Amino acid sequence: MILPGSDPAAIAQAVQKLGAGELVALPTETVYGLAADAHSDAAVAGIFALKGRPADHPLIVHVASGAQVADYAAEVPAFAQRLIDAFWPGPLTLILPRRPGVAKTAAGGQDSIGLRCPSHPVAQALMRAFGRGLAAPSANRFGRVSPSTAAHVQDEFGDALMVLDGGPCEVGIESTIVDCTRGAPVLLRPGCITPAQIEAACGQALADALAQAAPRASGTLESHYAPRAQVRLLSAAELPQHLRELADQTHPAGGGIGLWSAQEPHTGLAGLIWREQSRDPAAAAHQLFAVLRELDALGVAEIWVEQVPCGAAWDGVRDRLQRAAA
Ligand code: TXA
Ligand code: MG
């Protein structure tokens with residue numbers, strides 16, 4: 001059931017469920033998360049089971065403030081502390097050495113732990129009322145598109161799951177992840193915080209992720225964030241030609257085509273559903289998962305996406321699109 005996250009009674013009910021080892025979906029400023037008590041192996045196992053996620057893919061533990069980091073991390077390098085000071089609460093996850101004996105199941109058995117302090121007021125209210133860290137991956141089935149509204153979560157898991165509604169997620173794509181276990185910061189997943197912002201805040205250059213042995217991270221699998229429809233990335237230059245070819249077909253692709261592009265198409269194509277792609281990277285990130293889900297729900301056979309511009313500000317969106325199309 002969907003409950004208003006701004007209602008203190010709903011928060012109290014969610015705290016009770018979490019305390020009883022049950023799952024609750026919560027809004028964050030990035031995407032909705034599927035939360036459980038990070039200290040309960042049974043509750044965390046419930047997340048893996050519901051998502052259909054392999055148990056060795058680590059979850060992020062969400063904390064109410066930087067003060068809780070010491071509960072989970074064995075040590076915090078100076079550059080990581082600078083990132084915490086600069087970006088928390090906010091859409092940044094840090095991978096840190098895990099305190100032995102703490103949240104091992106949530107960490108997928110790794111000796112590191114992903115920590116994030118979300119800024120969303122409903123997430124903050126829930127975490128402060130609960131008092132312990134919340135293990136929470138994105139609230140979608142494994143490999144599928146992340147949810148950016150409460151209704152998306154309900155579409156994924158049905159009405160039995162309690163979803164705290166905090167409105168549409170402001171950022172719309174998952175947090176930037178920086179690995180802080182290797183002496184220098186390594187970007188594991190691009191998000192709305194750019195490499196330049198990270199380097200400026202920690203006073204240190206990002207090390208090359210490719211040169212390092214990558215740990216297990218489902219968000220870094222080549223195919224991820226995938227809708228049911230086939231996603232095709234097309235450059236702005238090649239899009240008109242593809243649309244013309246489609247218009248020339250007497251029997252266009254069964255099920256129709258969804259198009260997310262900045263430029264409105266000029267074709268009289270029946271069965272083409274167009275959604276406008278913002279030319280602003282933050283606005284496009286905010287639209288991304290909702291558009292993919294909407295076009296998927298309309299039953300189109302293919303989703304054509306105009307490739308987004310080059311440049312670091314678009315890295316997060318470009319990364320999600322590449323994985324959705326893989
Ligand atoms: O914005 C977000 O980060 C959202 C919201 C709900 O906070 N959460 C999210 O969780 O995207 P999830 O589980 O869908 O993605 C977390 C990513 C995964 O790719 C996971 O493998 C990686 O973080 N991760 C977590 N702990 C890790 C660790 N100890 N080492 C390496 N990667 C880790
Ligand atoms: Mg995910």
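Predicted model: local features only at pLDDT ≥ 70, side-chain atom pairs only at ≥ 80, totals over all residues.

Q: What makes Ser138 count as buried?
A: Its relative accessible area is 17%, and the label buried applies under 20%. The value 17% is under that limit, so Ser138 gets the label.

Q: Where does Ser138 sit, and which residues does Ser138 touch?
A: You'll find Ser138 in the loop between strand 7 (134–135) and helix 6 (150–157). Leaving out residues up to four places away in sequence, Ser138 touches Val31, Tyr32, Gly33, Leu34, Lys51, Ser146 and Pro147.

Q: Why is the pair Ser138 and Asn140 called a polar contact?
A: The two side chains come to 2.5 Å, and the cut-off for a pair of N or O atoms is 3.5 Å, with one able to donate a hydrogen and the other to accept it. The distance of 2.5 Å is within 3.5 Å, so the pair passes on distance, and it is listed as a polar contact.

Q: Why is Ala209 called partly exposed?
A: Ala209 has a relative accessible area of 29%. Buried needs under 20% and exposed needs over 50%, so 29% lands in between and Ala209 is partly exposed.

Q: What is around Ala209?
A: Ala209 lies in the loop between helix 7 (195–202) and strand 11 (230–234). Val186 and Leu187 are what Ala209 touches, not counting residues up to four places away in sequence. Asp179 is 30 residues apart from Ala209 in sequence, and their C-alpha atoms are 9.2 Å apart in space.

Q: How do you know that Arg320 and Glu174 form a salt bridge?
A: Their side chains meet at 2.7 Å, N to O. The rule asks for a side-chain nitrogen of Lys or Arg within 4 Å of a carboxyl oxygen of Asp or Glu, so an Arg and a Glu at 2.7 Å qualify. Across the interface of domain 1 and domain 2, the rule finds two salt bridges.

Q: What are the bounds of the two domains, and how much area is buried between them?
A: The assignment gives domain 1 (2–202) and domain 2 (230–325). About 1300 Å² is buried between domain 1 and domain 2, with carbon and sulfur atoms giving 58% of that. In domain 1, Val145, Ile173 and Pro190 lose the most area to domain 2, together 38% of what that side buries.

Q: How many residues of each domain are in contact?
A: 21 residues of domain 1 are in contact with 15 residues of domain 2.

How values were computed. Residues numbered from 1 in each chain as written. Chains lettered and ligands numbered in written order. Heavy atoms only, no water. Domains from an automatic or database assignment. Contact = heavy atoms within 4.5 Å. Buried area = accessible area lost by both parts, 1.4 Å probe. Helix = DSSP H or I, 4+ residues; strand = E, 2+ residues; numbered from the N terminus. Buried < 20%, exposed > 50% of the residue type's maximum accessible area, 1.4 Å probe, protein only.
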